[in-house]
Amino acid sequence: MHALFSSLIFLVVTGILFFVPGFFLLRAVFGTQKTLSSLETFVLSFGLSIGLINFLMLILGKAGVLFTPLSLIIGIIASLLSVTLFASLVRFVSKKFFPSKKEGLPTEKNTFSKKQLWLFYLLLVLTFAIKVIYLSHAVLPTSTDLGHHMYWAKLITETGTLPFYAEQEIITNDAGNYELSDPKPIADFIIGEHLPFSAISIIGKSDYFSAFPVVFLFLVNILSLFALIIFTMRLASELRIPTLSQSLFSPQNLALSALFLFGPLYSLASPQAKFVSGGVVGNTFGNFFIPLILFSYYRAFTEKRPAYLALGFFFTFALAYIHHLSTLVLLFVLIASALLYILFNASTVADTFIAWWRLLFAPAPILVILFACTFFFGIALPTYIETHAVDTAIGTPTKTTRTGLSYLQITFSSGEARVALGMAGIALLLSLAKRKSYAGAFLLGWSLILLTMSLKPGWLFLDIPSNRIGTYLSFPLGVISAVALIWIFASFKKEEGSPKLFPPVLILAFFFTAFVFASGSGSFDNGQTLLPKSKGLATLQTFHAAQYLAEHNRPTDIILKDHNYITGDAWMKLFFLRDYFYPLSRGFFKRYEDNPNREQCTLLMISTPNTPKGEKCFAETGTNIVVVNPSFDGTQFEKGNKWMRIYTGDTIHIYERK
Amino acid sequence: MNANKYMLTDQRKIILAFFVLFIFSTIFLFWQNEQELDPNKNKSWWTLSFTNPNDETDTDFTIENYGISRSFTYQIENDKKILSEGNLTLNIGEKQTIDTSLDQARINTNVPLSIRVSSGEEKKEIYR
């Protein structure tokens, strides 16, 4: 019953926070114009709401207003009212001084046939089923990254204020002694990836150890699929080839093709459900916002509508406060798309610039830019700007993990079927006149720049782990694959009255081969990712031990735990909320080997606690409690005069230094 | 009033399908999480700990039982002497603190004082 109640509360709060504000904002911006389809309104509402909630909480936090259910709800209502009034004024001014012929243009009628609709349902059910079965084994709060993120989200919830992203560390002082430093700023986290979780927890009183963080990320992940679908559907009109079957190359079939390639296939591996269970929060948000931003810019340029440009600016600005890497990737994609468009349309470059200038010089985009500048310089900078993290991402690659992936690695990370079809699609698009269209420029810009960033990052002076960039590639390759698949299908069928190009048996054989290849590759990938068994018992014991320590925690206690053999240890810090570095942690052994300059105390204090070096670390850092898995690390603390075993469970022992 | 405005178009049907699927998925995942984090559900384990770890002279200890076995026996030993022993029964989900009330004069503080608890074939020990 408790789970049912908690899940219903979560659903209601999520709806109120992350759909309603965006929906009203869209209504305020677009009025009664029917330029957005229902699916587009649905997906855009979610993106707008995330941006709105993040900016609202940043403003409240900087103004010194404590986050409470009341302050958040009043803030949402007040901001919606003011934005609605303001947007109405802007629309009035726009109508009067910047009349647009496009006003009131009806949206494309995307009516599905019965068969298409049922196929959509089937693919959607399959997508949900595969992801949910996987997540049912991963819904426990065990993932390290999610634990790190939820520490900050819980800190915001508990304190009602914006956090200062900093942590202590073990340093060697001038006298050669080890000590715990004062908290130092860290650039790994960005406020916008934590505020949505905090908002849910503040208003719904949701427990961070419940399924809510994973389910919310799952929602973002599924909506990123819908963002890809609405973008792909809009590409149909520009990418339609007159000689191919018009009835087959339809937005509906493109939507089905995209859903097939992003839904049931490859639905578990990175960046899909695995990112959800792994708590890769920023990337998951980034993968939702990037197609949404490209959708907005695409519609702005093709339909010459400044409102969409304003929408694109708002989403871009919102993403900048959520995830740095996604923002960087997006900037590269936009620059590449713009350059390709100019290159392919070199003869009309002057007209292009005039059209872009007219689009930009309109009230809505200018107001969003003004809001962004005011917010950026007057209210809050993204933390990665404050900590100069950008400098560490730009430059000649410094490690072998940053010098690029091989083609085989890309095939593995993006999926064989998507890479094969995607490459065919890129080649086809480059050879067709369609490359000159905005659809061609966006698709080619998106995929080619990510291919370059993944294969040869040095060419672009990027110093970022290549496998992280590689996870972004599956999206453009998937979209191009979806288009290529429908192009190929449409090429088999001529319009009514025309002679058939290929015999039906050959068409059937191709369909079957393509289906088996894509399904086989995609489902093999899913099979590789499924988790073998539940970690419930081990996790429960970790949390029980953490609760015991938290109940008896003294300000002088310094706790050290092991990250190698304790399940869900990253979540222990949520029981204390003392510091991001508390309890101290013995990290993966490889990290100490790879980086000799890394402090060694956390390793020595567990691995060799009774050696002179280990003793020195204990004495100088003040560490007095150690939490280990007895199957791997118990022996070195067993009987003697130095250690007391104060707690014992099957997978956890707690030792206190005398 | 335009009746078509509120018509269930194909895209609205898809959104409805999404919501239905998402609601069921959410309820299932919350339920699954609760089952996994329920210490009594399909799991068998117990813990032994000092009740007051911050007081080195306090030997009271706590047993929390989430296991199938319900009977526990304990022994408090110091310097190869049994200072106290006893039995207790703990139901699943039950927690009990044992007040040892040891005579401090009988304890040799130069050697560890051990508390050993066994239940079925499992044994656990804490010491200080």
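The expected span of a helix is 1.5 Å times one less than its number of residues. Helices (H or I, at least four residues) and strands (E, at least two) are DSSP runs, numbered from the N terminus. The model is predicted: local features need pLDDT of at least 70, side-chain atom pairs count only at pLDDT 80 or more, and totals for chains, interfaces and linings use all residues. Residues are numbered from 1 along each chain as its sequence is written, and chains are lettered from A and ligands numbered from 1 in the order in which they are written.

**View 1. Helix α6 of chain A and its packing partners.** Helix α6(A) covers residues 144–159; its 16 residues should span 22 Å at 1.5 Å a residue, which agrees with the 23 Å between its end C-alpha atoms. Its buried residues (20 or more other C-beta atoms within 10 Å of a residue's own, with C-beta atoms placed from the backbone) include His149(A), Trp152(A) and Lys154(A). The buried residues of α6(A) pack against α7 (195–204), α8, α11 (281–303) and α24 (573–576) of chain A. Just after α6(A), Gly160(A) has a positive phi of about 70°.

**View 2. The largest nonpolar core.** Such a core is a set of buried Ala, Val, Leu, Ile, Met, Phe, Trp, Tyr and Cys residues joined through C-beta atoms within 7 Å. This one holds 220 residues, and those touching the most other members include Val43(A), Leu223(A) and Ala258(A). Helix α8(A) gives the most to the core, 21 residues. Leaving aside neighbours within four places in sequence, Ala258(A) is in contact (C-beta atoms, placed from the backbone, within 7 Å) with Leu228(A), Ile229(A), Thr232(A), Val479(A) and Ala482(A).

**View 3. The contact between chain A and chain B.** Chain A supplies 49 residues and chain B 39 residues. Elements of chain A that each supply at least two residues include α1 (2–18), α3 (38–62) and α23 (536–551). The largest share of the chain A side, 9 residues, comes from α5(A).

**View 4. Strand pairing between the chains.** Strand β8(A) is joined to β1 of chain B (residues 46–50) by 2 bridges, and the two run antiparallel; pairing requires at least two bridges found by DSSP. Thr648(A) stands opposite Leu48(B) in β1(B).

**View 5. Domains 1 and 2 of chain A.** Domain 1 covers 1–97 and domain 2 covers 144–184 + 535–657, with bounds from an automatic or database domain assignment. Their C-alpha centres lie 41 Å apart. In the contact, 4 residues of domain 1 meet 4 residues of domain 2.

Notes. Two residues are in contact if their C-beta atoms, placed from the backbone, lie within 7 Å. A residue is buried if 20 or more other C-beta atoms lie within 10 Å of its own, exposed if 12 or fewer, and partly exposed in between; C-beta atoms are placed from the backbone.
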